[in-house]
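Colleague: Before I rely on any of the terms used for this chain, I would like to hear what stands behind each of them.

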Amino acid sequence: MKTKINTISKHLILIGFLISCSCKNSSNIKGFEAKQHPFSIRYNSQQWRVIQPVYNLKDKVLFSLIDDTDKASFVLKITKDTSQDNLSNSVYYEAVKQMVLDTHEFNSFYQERNTEINGQSFHQLNFLIFVDDQYMLHEVLLKRTGAITYIIQLSYPREETGIYIFSPPEKIKTLLNSIQLD
């Protein structure tokens, strides 16, 4: 009987510790919500630092995060869209692709595909980019509605395997899973 009580006590102490840890961690969860557009995201402020400037206006939203330990980053830009009758998706995607390639001579394009973030369709462009004397994997996710354009850019260190697999690390996946477009 005494052994069962000790075991239960240890479990209760462990549960209490886990609850106190989760409460401490939840205070580090911050959020950003676009004032004029249906977009919000949550992030851990101990892992991510907000990069200034932040714009949260009707015609322009810019919100960026960086992890200073490995330079992984998240950038959101929301802008007014041009009618797809005036600027087709293929021309728009090609212009974005060229803009990323033109920023450094060592940047290279890898693949283009459609993907989803929390049930919302995005067009994805994947690159290997050269930043601060290192190569990073870079994803550009685009969503055009005809009224606004969402542009999400993700950069993260590539693994030293020599194979470029565009699978973001867990911290980036956590950010993407927290996005709400309602």
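Colleague: Which residues have the most contacts inside the largest nonpolar core?

Modeller: They are Phe39, Phe74, Leu76, Ile152 and Ile179, in a core of 28 residues. A nonpolar core is a set of buried Ala, Val, Leu, Ile, Met, Phe, Trp, Tyr and Cys residues joined through side-chain atoms within 4.5 Å, and buried means under 20% relative accessible area, with exposed over 50% and partly exposed in between (1.4 Å probe, protein chains only). Among the elements that give two or more residues to this core are β2 (40–44), β7 (120–131) and β9 (148–157), and β9 gives the most, with five residues. In soluble globular proteins, nonpolar side chains tend to be buried together.

Colleague: How do you know which values to trust here, and how are the residues numbered?

Modeller: This is a predicted model, in which local features need pLDDT of at least 70 and side-chain atom pairs count only at pLDDT 80 or more, while totals for chains, interfaces and linings use all residues. Residues are numbered from 1 along each chain as its sequence is written, and side-chain values use heavy atoms, with hydrogens and water left out.

Colleague: With which residues is leucine 76 in contact, leaving aside its neighbours within four places in sequence?

Modeller: Contact means heavy atoms within 4.5 Å, and on that basis leucine 76 touches Phe32, Phe39, Val61, Leu62, Phe63, Ile151 and Ile152. Apart from the core already described lies another, of 11 residues, among them Tyr92, Val100, Met136 and Val140.

Colleague: Why is the link between arginine 49 and aspartate 68 called a salt bridge?

Modeller: A salt bridge is a side-chain nitrogen of Lys or Arg within 4 Å of a carboxyl oxygen of Asp or Glu, and the N to O value for arginine 49 and aspartate 68 is 2.8 Å, so the pair qualifies. The two residues are 19 apart in the chain, arginine 49 in strand β3 (residues 49–56) and aspartate 68 in the loop between β4 (60–67) and β5 (72–80). Arginine 49 has a relative accessible area of 41% and therefore counts as partly exposed, as does aspartate 68 at 38%.

Colleague: What makes aspartate 81 and arginine 144 a tie between separate parts of the chain?

Modeller: Aspartate 81 forms a salt bridge with arginine 144, the closest N and O atoms being 3.0 Å apart. Aspartate 81 lies in the loop between β5 and α2 (89–102) and arginine 144 in strand β8 (residues 134–144), so parts that are 63 residues apart in sequence are tied together. Both aspartate 81 and arginine 144 are buried.

Colleague: Is lysine 97 buried or exposed?

Modeller: Lysine 97 has a relative accessible area of 11%, and therefore counts as buried, whereas glutamate 94 is partly exposed at 41%. Their side chains meet in a salt bridge (3.3 Å, N to O), and both residues lie in helix α2, three residues apart, about one turn of the helix.

Colleague: Why are β3 and β6 (108–117) described as edges of the sheet?

Modeller: The open sheet of seven strands has the order β3-β4-β5-β9-β8-β7-β6, with antiparallel pairing. β3 and β6 each have a single partner strand, so one side of each is left without a neighbour in the sheet. Strands, like helices, are DSSP runs numbered from the N terminus (strands E, at least two residues; helices H or I, at least four), and two strands pair if DSSP finds at least two bridges between them. β8 and β9, which run antiparallel, are joined by nine bridges.
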